[in-house]
Amino acid sequence: MKIISINAGSSSLKFSLFNMDDESVIASGVFERIGMEGSCYTIKYLDEKIEQQIELVSHKDAVRILLEKLIDLKIINSLEEINGVGHRLVHGKDKYSSSVVITDEVIADLDQFKEFAPLHNPANILGIEAFREVLPDVFMVGVFDTAFHQTMDPVSYIYPVPYSWYQDYGVRKYGFHGTSHRYIAKTAAKLLGKENLRMISCHIGNGASLAAIKDGKCIDTSMGFTPLAGVMMGTRSGDIDPSIIPYVMEKEGKNASEVIDDLNKRSGLLGLSEYSNDMRDILAKAEEGDEKAILARDKYVRTIVNYIGSYYLLLGGVDVICFTAGVGENSCPIRRLVCEALLPLGVKIDLEKNNDRGKTVKISTEDSKISVYVIPTDEELMIARDTVSLMKNR
Ligand code: ADP
């Protein structure tokens with residue numbers, strides 16, 4: 001069975017084509033700069049990588065060319081081989097707590113919820129509509145980033161603000177990266193051979209969030225009403241005192257959305273280091289003794305450790321901590337610094353094992369009170385799995 005996972009952004013469309021008989025990736029790639037000058041695509045399959053500049057006026061162009069290329073390159077013989085398409089969808093508010101078969105109602109809801117994800121939801125609709133036009137009869141599923149967090153109870157998701165903000169405007173914590181946290185939760189349960197686990201999933205990439213997970217269900221997560229909240233990130237501040245916003249507006253003569261833009265794009269590692277949002281650059285500079293890079297690194301670690309500490313209490317102890325995404329999978333120094341700060345919880349890691357990168361590995365020692373794993377995330381596979389499971393339940 002062949003399934004395509006799609007992640008449509010405002011000017012890009014990423015895809016992975018899976019053979020779900022063995023969950024292998026047959027081909028993957030990205031269409032970029034859609035609707036802009038210099039649009040192009042990259043397709044990887046077997047050991048080949050094809051890159052081409054091509055005019056892509058719309059997402060529909062990208063989907064049409066993708067399907068043509070899959071046939072031209074003999075990756076598939078005919079379009080009938082594609083059994084289903086799974087779409088990564090960002091915001092399903094509190095209506096969607098699991099993946100769904102895409103219907104007109106789902107598309108209308110994505111449109112209705114767009115004020116909660118102004119960049120992502122409209123792009124997700126473009127991706128769905130492109131497939132509807134080019135491959136009208138294909139089975140399609142939507143997998144929401146917010147869905148996994150719908151099991152949080154009100155004490156976790158409510159903000160201590162006037163209750164009418166929640167009731168009238170939907171102001172609450174939604175959480176993001178849900179598909180990744182769900183994949184990590186499932187994979188860790190499989191690795192440990194146990195469903196009933198108290199787990200902290202640390203998805204730390206350029207965007208970063210942590211989730212407290214009990215028996216496979218999300219209890220709390222660090223991102224909030226938007227993906228700006230929680231731990232410090234590459235360019236995002238994470239949690240700050242909201243009074244900073246009007247104060248800086250006045251100092252710099254900016255409006256609220258300009259300051260929010262600073263918090264989204266010019267804060268985090270980039271903001272503190274005044275150098276880079278990439279952890280590799282920060283660590284290299286810190287090695288040279290650069291004070292701002294050291295501060296950025298240490299603040300980054302501190303915010304993660306703070307969340308882990310609070311989730312430890314929330315979960316009533318922790319069985320396993322998992323690291324994933326760009327930094328979590330690859331950055332041995334950051335994992336080491338986080339785990340060293342967790343020594344009071346009985347966390348001990350094997351520095352040799354911690355040097356492994358980008359693969360599934362247990363990095364805690366046998367006498368560590370909490371198991372610590374690195375697990376590469378695979379949101380695309382999770383989307384393809386959900387597509388298959390909804391297809392079987394039809
Ligand atoms: P996104 O949130 O954009 O999906 P990723 O999960 O791809 O981000 O993570 C990208 C980040 O991962 C980079 O900005 C970089 O900081 C970090 N990263 C990748 N490789 C390494 C590495 N070897 N060491 C440290 N950090 C790394």
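Some ground rules before the structure. The model is predicted, so local features need pLDDT of at least 70, side-chain atom pairs count only at pLDDT 80 or more, and totals for chains, interfaces and linings use all residues. Residues are numbered from 1 along each chain as its sequence is written, and side-chain values use heavy atoms, with hydrogens and water left out.

I start with the overall division. The protein chain is split into domain 1, residues 2-144, and domain 2, residues 194-379; the bounds come from an automatic or database domain assignment. The C-alpha centres of domain 1 and domain 2 are 29 Å apart.

Next, the sheet. Helices and strands here are DSSP runs, numbered from the N terminus: H or I with at least four residues for helices, E with at least two for strands. Two strands pair if DSSP finds at least two bridges between them. On that basis, eight strands make an open sheet with mixed pairing, in the order 5-4-3-2-1-6-8-7. At the edges are strand 5 (48-53) and strand 7 (100-101), each of which pairs on one side only.

Take the pairings in turn. Strand 1 and strand 6 run parallel and are joined by five bridges, with K2 standing opposite I82 in strand 6. Strand 6 and strand 8 also run parallel, joined by six bridges, and there V85 stands opposite M140 in strand 8. Strand 7 and strand 8 (residues 139-144) pair in the antiparallel sense over two bridges, where V101 has V141 as its bridge partner in strand 8.

How enclosed is strand 6? Seven of its eight residues are buried, so strand 6 is largely enclosed by the rest of the structure. Buried means under 20% relative accessible area, exposed means over 50%, and partly exposed is in between, with a 1.4 Å probe and protein chains only.

Now the helices on the sheet. Contact means heavy atoms within 4.5 Å. Angles run from 0 to 180 degrees between N-to-C directions, with axes as lines fitted to C-alpha atoms, for helices over the stretch in contact. Helix 3 (residues 120-134) lies across strand 1, strand 6 and strand 8, and runs at about 165° to strand 6.

D109 is in helix 2, residues 104-112. D109 is buried at 7% relative accessible area, and it touches K95 and Y96, not counting residues up to four places away in sequence.

H149 sits in the loop between strand 8 and helix 4 (154-157). Is H149 buried or exposed? H149 counts as buried, at 0% relative accessibility. A polar atom of the H149 side chain lies 2.7 Å from the backbone oxygen of F176. Leaving out residues up to four places away in sequence, H149 touches several others, including Y174, H177, H181 and C218.

K292 is in helix 11, residues 291-315, and is partly exposed, with a relative accessible area of 42%. K292 and L270 are 22 residues apart in sequence and 10.0 Å apart in space, C-alpha to C-alpha. Leaving aside neighbours within four places in sequence, K292 is in contact with L272, S273 and E274.

Last, salt bridges. A salt bridge is a side-chain nitrogen of Lys or Arg within 4 Å of a carboxyl oxygen of Asp or Glu. How many does a search of the whole structure find? The search finds 27 salt bridges.

One of them joins R266 and D262, with the closest N and O atoms 2.8 Å apart. R266 is partly exposed at 44% relative accessibility, whereas D262 is buried at 14% relative accessible area. E252, K254, D261, D262, K265 and R266 are linked in a network of salt bridges.

Another joins E340 and R336, where the closest N and O atoms are 3.4 Å apart. E340 and R336 are separated by about one helical turn because they are four residues apart in helix 13 (residues 332-341). E340 is partly exposed at 44% relative accessibility, and R336 is partly exposed at 29% relative accessible area.

The side chains of D356 and K359 also meet in a salt bridge, 3.7 Å from N to O. D356 counts as partly exposed at 27% relative accessibility, and K359 counts as partly exposed at 42%.

How values were computed:
A polar contact is a pair of N or O atoms within 3.5 Å; within protein, one must be able to donate a hydrogen and the other to accept it, and residues adjacent in sequence count only if both atoms are side-chain atoms.
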